[in-house]
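Student: I have a model open on my screen and would like to learn how to read it. Could you take me through it step by step?

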Amino acid sequence: MSARIFSPAKTAMQSGKAKTGHWVLEFDPEMRKKIDPLMGYTTSGDMRSQIRLTFDTREEAVAYAEKEGLAYRVEEPKESKRRQISYAENFRYDRRTPWTH
C-alpha cells in the first residue's frame, strides 16, 4: 500500500490561487478499474481510492504517512511562469507585427 503526497495546482477554471497551498495524501490504486457490463459504469473494488486526506503543511502529511507505516512519494509543486501582458502592448508603435484591422 503506497500513497502520493502533493500540493494541488489551480484548476483551469479559476484565475486565482484558491484551494491551493495545502497538501493532499492520496492512495495509489491497488486494483484496476473495470467497466460494469450492465450499465457501462467504471467500477472498482478498491475502497482506498476514495480517500483523500488534506494537510496544512508537507511535513504534517509526511509525518502521518510515517506514523501509519505507509510507503509514500512526495511530488513537489511546479511553479507557474506568469507572463505580464498589458492591453496597451497591442498599440505600441514599435510592435513586431504590424497592427491591422
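Tutor: Gladly! Let's begin with burial: a residue is called buried when its relative accessible area is under 20%, exposed when over 50%, and partly exposed in between. Keep in mind that this is a predicted model.

Student: Let me try that on one residue. Is serine 7 buried or exposed?

Tutor: Serine 7 has a relative accessibility of 15%, so it counts as buried.

Student: Where does serine 7 sit in the chain?

Tutor: Serine 7 lies in a loop, the one that runs between strand 1 (2–6) and strand 2 (23–27).

Student: Which residues does serine 7 touch, not counting those up to four places away in sequence?

Tutor: Serine 7 touches Gly21, His22, Trp23, Glu75 and Pro77. With histidine 22 there is a polar detail to look at: the serine 7 side chain reaches the backbone oxygen of histidine 22 at 3.1 Å.

Student: Let's step back to the whole fold. How many helices and strands does the protein have?

Tutor: There are one helix and six strands. Following the sequence, they come in the pattern β-β-β-β-β-α-β. The radius of gyration is 22 Å, well over the 13 Å that the globule rule gives for 101 residues, so the protein is more spread out than a compact globule. The C-alpha trace spans about 65 × 45 × 20 Å along its principal axes.

Student: What share of the residues is buried?

Tutor: Buried residues make up 17% of the 101 residues.

Student: And how should I think about a nonpolar core?

Tutor: As a general idea, nonpolar side chains in soluble globular proteins tend to be buried together. Here, the largest nonpolar core has 10 residues: Ala3, Ile5, Trp23, Leu25, Phe27, Phe55, Ala61, Val62, Ala65 and Leu70. Strand 1, strand 2 and helix 1 (58–68) are the elements that each give two or more residues to this core.

Student: Phe55 is in that list. What does phenylalanine 55 touch, leaving out residues up to four places away in sequence?

Tutor: Phenylalanine 55 touches His22, Trp23, Leu25, Glu60, Ala61 and Tyr64. The relative accessible area of phenylalanine 55 is 14%, so this residue is buried.

Student: How many aromatic pairs does a search of the whole structure find?

Tutor: The search finds one. Phenylalanine 55 and tyrosine 64 form this pair, which is tilted, with 5.6 Å centre to centre and 40° between the planes. Tyrosine 64 has a relative accessible area of 26%, so it is partly exposed.

Student: One more residue, please. Where is arginine 52 found?

Tutor: Arginine 52 is in strand 5 (residues 52–55). With a relative accessible area of 46%, arginine 52 is partly exposed. Leaving aside neighbours within four places in sequence, arginine 52 is in contact with Phe6, Pro8, Val24, Leu25 and Glu26.

Student: Which side chain does arginine 52 join through a polar contact of 2.6 Å?

Tutor: That partner is the side chain of glutamate 26.

Technical notes: Residues are numbered from 1 along each chain as its sequence is written. This is a predicted model: local features need pLDDT of at least 70, side-chain atom pairs count only at pLDDT 80 or more; totals for chains, interfaces and linings use all residues. Side-chain values use heavy atoms; hydrogens and water are left out. Helices (H or I, at least four residues) and strands (E, at least two) are DSSP runs, numbered from the N terminus. Buried means under 20% relative accessible area, exposed over 50%, partly exposed in between (1.4 Å probe, protein chains only). A polar contact is a pair of N or O atoms within 3.5 Å; within protein, one must be able to donate a hydrogen and the other to accept it, and residues adjacent in sequence count only if both atoms are side-chain atoms. Contact means heavy atoms within 4.5 Å. A nonpolar core is a set of buried Ala, Val, Leu, Ile, Met, Phe, Trp, Tyr and Cys residues joined through side-chain atoms within 4.5 Å. The radius of gyration is taken over C-alpha atoms; the globule rule is 2.2 Å times the number of residues to the power 0.38. Rings of Phe, Tyr and Trp (its six-membered ring) pair if their centres lie within 6.5 Å; planes under 30 degrees apart count as stacked, over 60 as edge-to-face and the rest as tilted.
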